[in-house]
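Dear colleague,

I am passing on the model that we spoke about, followed by some notes on what turned up in it. Please read them with the structure open beside you.

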Amino acid sequence: MAGPPKALILMADYGHDPTETAVAFTIFKDAGFDVQFATETGNAPKCDDRMLYGVTGRLLGASKKAVEQYHAMVKDPAAQKPLAWSDPSFSLLHYDLLYFPGGHEKSVRQTIDSASLQRHVAEYFPQTRKPSRKTVAAICHGVQTLSSATLPDGKSVLHDATTTALPGAMESGIFWLTRPFLGDYYKTYGKGTDNVETIVKKRLDDPKQYKNSLGPRPFIHEDKTYNYISGRFPPDTALLAKRTVELVKQVYQS
């Protein structure tokens with residue numbers, strides 16, 4: 001098969017977590033992948049300023065290295081001129097890897113709620129069933145984006161898969177810890193709404209398909225039926241991206 005593996009990062013115009021985006025982008029590029037981006041209408045994506053700058057950025061946000069990787073990423077021609085998933089000619093089927101970063105900022109709902117993106121994902125994800133040369137990786141709210149895509153029978157594309165995502169205990173804990181000065185920032189759909197773990201579990205055939213870890217060490221989960229790897233939150237990104245590179249290379253050369 002000619003050429004390097006083709007990877008596509010799906011993003012909202014604004015709001016994704018810079019670590020979950022830029023660290024993965026850097027690892028994919030360093031692996032020799034042809035990395036492209038897609039937003040709804042082709043606008044150049046930008047990550048969440050709160051995780052990059054100011055007091056919030058220093059205390060809760062990206063590391064200095066991740067910030068540097070982010071600034072390099074947004075200068076990349078692929079990030080400056082992304083594809084538009086709403087374009088009638090757009091298709092995910094040309095790609096060997098789809099990557100869905102997460103983020104808490106409410107603007108990421110542009111990916112989670114997009115009917116057109118959901119249709120594209122519903123067409124692509126079943127084709128990752130092993131053996132396949134197609135792979136999907138997602139982290140945090142990116143898993144929620146995947147779970148929102150439905151098959152013709154009304155079931156989520158993840159209904160028979162195993163997955164992790166942002167644990168409810170972590171999401172609730174940081175929400176209540178930061179609420180006095182960040183309000184409902186850590187609740188993407190607002191105070192009182194379900195957390196990511198609950199939303200994703202509801203889309204699975206069995207809640208036991210959700211794999212959890214509350215430990216501080218990086219944790220990812222790899223499904224046995226599909227070429228699908230998931231992570232929880234920013235500290236998992238490097239491990240997730242590196243394992244994804246290994247899997248893509250493995251199946252791409254098979």
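With which residue does Glu171 form a salt bridge? The partner is Lys187, and the closest N and O atoms of the two are 3.8 Å apart, where a salt bridge is taken as a side-chain nitrogen of Lys or Arg within 4 Å of a carboxyl oxygen of Asp or Glu. Because Glu171 lies in helix α8 and Lys187 in the loop between α8 and α9, the pair ties together parts that are 16 residues apart in sequence. Glu171 counts as buried at 2% relative accessibility, and Lys187 is buried too, with a relative accessible area of 7%; here buried means under 20% relative accessible area, exposed over 50%, and partly exposed in between, with a 1.4 Å probe and protein chains only.

Before going further, please keep in mind that this is a predicted model, in which local features need pLDDT of at least 70 and side-chain atom pairs count only at pLDDT 80 or more, while totals for chains, interfaces and linings use all residues. Residues are numbered from 1 along each chain as its sequence is written, and side-chain values use heavy atoms, with hydrogens and water left out.

Other salt bridges

The whole structure holds nine salt bridges. In one of them Lys29 pairs with Asp76, with 3.5 Å between the closest N and O atoms; Lys29 belongs to helix α1 (residues 18-30) and Asp76 to the loop between α3 (64-75) and α4 (77-80), so the pair ties together parts that are 47 residues apart in sequence. Helices (H or I, at least four residues) and strands (E, at least two) are DSSP runs, numbered from the N terminus. Lys29 is partly exposed at 37% relative accessibility, whereas Asp76 is buried at 15%. Another salt bridge joins Asp184 and Lys106 (3.3 Å, N to O).

The interior

The largest nonpolar core has 67 residues, and Leu10 is among those that touch the most other members; such a core is a set of buried Ala, Val, Leu, Ile, Met, Phe, Trp, Tyr and Cys residues joined through side-chain atoms within 4.5 Å. Leaving aside neighbours within four places in sequence, the contacts of Leu10 (heavy atoms within 4.5 Å) include Trp85, Leu98, Phe100 and Leu117.

Helix α6 (residues 115-124) is largely enclosed by the rest of the structure, because seven of its 10 residues are buried. Leu117, His120 and Tyr124 are among these buried residues, which pack against β1 (6-10), β6 (97-100), α5 (109-112), β7 (135-139) and α7 (141-148).

Strand β6 is covered on both faces, with Leu97 and Tyr99 buried on one side and Leu98 and Phe100 buried on the other. β6 pairs in the parallel sense with β1 over three bridges and with β7 over four bridges, two strands being paired if DSSP finds at least two bridges between them. Ala7 stands opposite Leu97 in β6, and Phe100 stands opposite Ala138 in β7.

The surface

Val55, Leu59, Leu60 and Phe181 form a nonpolar patch with about 420 Å² of accessible area together. Patches are made of residues with over 30% relative accessible area and no salt bridge, like charges being joined within 9 Å and nonpolar side chains (Val, Leu, Ile, Met, Phe, Trp, Tyr) within 5 Å; the areas come from the Shrake-Rupley method with a 1.4 Å probe, and for residues only the protein chains shown count as cover. Helix α2 (residues 54-60) gives the most to this patch, with three residues.

With best wishes
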